[in-house]
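The sequence and the structure come first, then what I looked up.

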Amino acid sequence: MKTPVILLMGPTAAGKSAATLAVAERWPVEIVNVDSATIYRGMDVGTAKPGAEERARVPQHLLDIVDPAETYSAARFRADALALIAAIRDRGRTPVLAGGTMMYYKALQEGLAELPEADATLRIELEARAAREGWPALHAELARLDAPTAARLAPNDSQRIQRALEVCLLSGQPMSELLAASQAGRAGDTAGLDFHAISLEPGERAGLHARIARRYDLMLEQGLLAEVAALRERGDLHPGLPSIRCVGYRQTWSHLAGECSLAQAREQAIAATRQLAKRQITWLRARPERRIVDCLRTDAAAGVVDTVASIYSATNLPDNPDTCGG
């Protein structure tokens, strides 16, 4: 019998953490966080990372696993997630993958092409060129080398433009061709897994936008400025790193660097978070099999619990609330 794996997806500020805790109150589950920001140690406030109390209520994985100076790839997430799913299953619990990094979900379910490893020297060269010429110029170069990849990237999408150029220059082939060539058979190691996607989505955008603004303001109240200041004081971090490029961090970093006022940083962070949420929702809508719960409902967490109950019933999982907890 296949192992049921619950995917609790949704855009930023959709209430995924509250929903996972509600699920954990009823069933023996463990949470695998699907988040490219909460992986970093020392980045707690700006990532809305689960606190000690939440972690005590339900086992949570893939939090605080790398230093902000390090990188963490989708390939590494996939390997970590598959190992955790197997271990959770062996403990007689249900794996719940919760978060909003859609690339990680895609990597897990569809597999990954074998692409060249990151090259630090080449990345430094590309970043130096971008500083001189601008990312749109490097996007134009990518369009000449790999038109399909360039067509799906914005001219200022620095992280993805950098990676696509890196792959082209290291392999001598367009990344789009490498990805297409390795499509067949990549997901063979998930053949024994039965994925069930639940998506927390807003019935209307304005309500989500208001939540996003409130959440950033709460982060400021909780010490976001001090957290980013501590990262800056280390001396080994810079805005080119994936950790510092996280939404909210790069804008706060710019403010502390004297490049903008706090009011401007707040406006930029909220706008960037809205754009992130828009991209996440677009990705979710491409998954017609997902079960949707309106995240703006006052009983959204209960709606997720009801949906999980239907999954337990359909898959003959033991619905035994007495076995939950840490």
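**Entry 1**

Buried means under 20% relative accessible area, exposed over 50% and partly exposed in between, with a 1.4 Å probe and protein chains only. I note that this is a predicted model, in which local features need pLDDT of at least 70 and side-chain atom pairs count only at pLDDT 80 or more, while totals for chains, interfaces and linings use all residues. Residues are numbered from 1 along each chain as its sequence is written, and side-chain values use heavy atoms, with hydrogens and water left out.

Thr-12 sits in the loop between E1 and H1. Helices (H or I, at least four residues) and strands (E, at least two) are DSSP runs, numbered from the N terminus. Which side chain does the side chain of Thr-12 make a polar contact with? I found Arg-215, at 2.3 Å. A polar contact is a pair of N or O atoms within 3.5 Å; within protein, one must be able to donate a hydrogen and the other to accept it, and residues adjacent in sequence count only if both atoms are side-chain atoms.

I then listed the contacts (heavy atoms within 4.5 Å). Leaving aside neighbours within four places in sequence, Thr-12 is in contact with Leu-208, Ile-212, Arg-215, Thr-273, Ala-277 and Gln-280.

Pro-11 is in the loop between E1 and H1. Pro-11 is buried, with a relative accessible area of 0%. Not counting residues up to four places away in sequence, its contacts include Lys-16, Leu-200, Leu-208 and Ala-277.

Ala-14 also lies in the loop between E1 and H1, and its 2% relative accessibility makes it buried. I read its contacts, again without residues up to four places away in sequence, as Leu-200, Leu-208, Arg-211 and Cys-295.

**Entry 2: Lys-16 and H1**

Lys-16 is in helix H1. Is Lys-16 buried or exposed? It counts as buried, because its relative accessibility is 14%. Its side chain reaches the backbone oxygen of Pro-11 at 2.7 Å.

H1 spans residues 16-26, and its buried residues are Lys-16, Ala-19, Thr-20, Leu-21, Val-23 and Ala-24. Among the elements that cover them are strand E1 (3-9), strand E4 (94-98) and helix H14 (300-315).

I checked the UniProt record: an unreviewed entry lists Gly-10, Pro-11, Thr-12, Ala-13, Ala-14, Gly-15, Lys-16 and Ser-17 under "binding site". UniProt positions are given in the numbering used here, feature names are shortened, and annotations may be inferred rather than shown by experiment.

**Entry 3: H4**

In helix H4 (residues 102-110), I found Met-102, Tyr-104, Tyr-105, Ala-107, Leu-108 and Gln-109 buried. They pack against E1, helix H3 (74-90), E4, E5 and helix H13 (262-285). Just after H4, Gly-111 takes a positive phi of about 85°.

**Entry 4: His-139**

His-139 lies in helix H6 (residues 135-145). With 14% relative accessibility, it counts as buried. What does the side chain of His-139 reach? I found the backbone oxygen of Ala-150, at 2.9 Å. Not counting residues up to four places away in sequence, His-139 touches Ala-150, Leu-153, Ala-154, Pro-155 and Ile-161.
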